Amino acid sequence: MFDYLIVGAGFAGSVMAERLAADAGKKILIIDKRMHIGGNAYDHHDDAGVLVHKYGPHIFHTNSREVFEYLSRFTEWRQYQHRVQAWVDGQLLPIPINLETINRMYGLKLTSFELPQFFEKFAEKRAVVKTSEDVIVSKVGRELYEKFFRNYTRKQWDLDPSELDAAVTARVPVRTNNDDRYFTDTYQAMPKYGYTRMFEKMLAHPNIKVLLNTDYREIQKAIPYNEIIYTGPVDEYFDYRYGRLPYRSLEFKFETVNKDRHQPVAVINYPNDYLYTRVTEFKYLTGQEHHKTSIVYEYPKASGDPYYPIPRSENTELYRKYQMLAAATHGVYFVGRLATYKYYNMDQVVAQALTLYSKITSQSRQEALAHGA
Ligand SMILES: Cc1cc2nc3c(=O)[nH]c(=O)nc-3n(C[C@H](O)[C@H](O)[C@H](O)COP(=O)(O)OP(=O)(O)OC[C@H]3O[C@@H](n4cnc5c(N)ncnc54)[C@H](O)[C@@H]3O)c2cc1C
């Protein structure tokens, strides 16, 4: 008899499995329909021997000490500061937009003190900031919005930024100095031997059994268990009772190039040219030394694996209905990006799972007390 059947071996499922087994002594069966653990963070060596991320580049960054320390039990880290450039008007410019982006683009020599006035001159005031377009246009003006954001967003979501919630671009920073790092979180590092090795360590506990290449519905009736932890799409769990929650998908095209380096930074964004949104060169992320290099092109598309919940108010409303169903479903816990229909980063999913674990353990403590144990 298993205490928990865990559906999905990504961050959400693996953190839950590890905590429940190693800390609470529970017996776990964790199932994934894919051929591997790690969910979307899975990495592997390609045919040329270059370590690549199968589902697109995953860069770890967090401000949470708790999350970083927790994951540090399962991996050493390689310090890594992520850098991205955008191909705009025939040149590569730092993104997020910073002092160098503006000076090079317009042939200016502004200082950090002068740049805010430059932005103010072009920023269009908005009484209410409702959409993604409002966010950017009210910060930097229409021209920069058109060159760096509008077409990228259209490619990525197949929606104009004016149709997307402000939340999508609300966190896009604009810098008045020359800081060209993509993130500024306290902890920025990559698992030294890759994500999959880290997941292997998390799941290497005698109380955890891993079953791959299996949809949980194929075996659910045949296996005795007490409760479920579900990290798949919430609408699928309820057989799409209220309709499908919309997702955006991606097609990844990998290529190995017969030279040491392909591009000057880890990621190049192509807001205005080509059908792909960005190209990533993995050796920057992993620090691997190899005489060849592997890259991936990302082509956004409507159908396929559910990758990005689409942040529009009507989708949030539809999710609320599923959330109410989920709350009323006893013996099943919903956690992770797909099960809570949120555009979460890896660290946020780890934090969400650690919080759920605390809730489950304090619940069972209270139940034990109530039964006089
Ligand atoms: C292209 C891309 C790039 C990203 N880049 C970053 C980044 O740079 N930094 C960052 O912090 N985050 C990034 N993320 C987000 C990150 O991938 C997620 O936060 C994280 O993987 C979510 O973990 P999860 O366990 O919730 O979901 P997942 O990793 O999706 O795991 C869910 C698992 O459940 C399994 N499953 C679903 N249904 C069933 C079923 N019926 N039976 C059995 N198994 C099932 C799936 O196969 C899957 O493996 C990125 C996401 C994408 C798509």
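Predicted model: local features only at pLDDT ≥ 70, side-chain atom pairs only at ≥ 80, totals over all residues.
Local features are reported at pLDDT of at least 70 and side-chain atom pairs at pLDDT 80 or more, whereas totals for chains, interfaces and linings use all residues. Residues are numbered from 1 along each chain as its sequence is written, and side-chain values use heavy atoms, with hydrogens and water left out.

Around the ligand there are 32 residues, of which Asp32, His58, Ile59, Tyr344 and Met346 come nearest; a residue is taken as near if one of its heavy atoms lies within 4 Å of the molecule. By class, this shell comprises 16 nonpolar, ten polar and six charged residues, where Ala, Val, Leu, Ile, Met, Phe, Trp, Tyr, Cys and Pro count as nonpolar, Asp, Glu, Lys and Arg as charged, and the others, Gly among them, as polar. At least two shell residues are supplied by each of the helices α1 (11–23) and α13 (346–370), helices being DSSP runs (H or I, at least four residues) and strands likewise (E, at least two), numbered from the N terminus.

Oxygen atoms of the ligand lie 2.9 Å from a backbone N or O atom of alanine 12, 2.9 Å from a backbone N or O atom of asparagine 40, and 2.8 Å from a polar backbone atom of methionine 346. The protein covers 96% of the 1,000 Å² of accessible area that the ligand has on its own, as computed by the Shrake-Rupley method with a 1.4 Å probe.

Beyond its neighbours within four places in sequence, phenylalanine 11 is in contact (heavy atoms within 4.5 Å) with residues including Leu71, Phe199, Met346 and Val350.

Not counting residues up to four places away in sequence, threonine 62 touches Val67, Phe68, Asp185, Thr186, Tyr187 and Asp347. Serine 132, 70 residues from threonine 62 in sequence, is 24 Å from it in space, C-alpha to C-alpha.

Notes. Polar contact = N/O pair within 3.5 Å; in protein donor to acceptor, adjacent residues only side chain to side chain.
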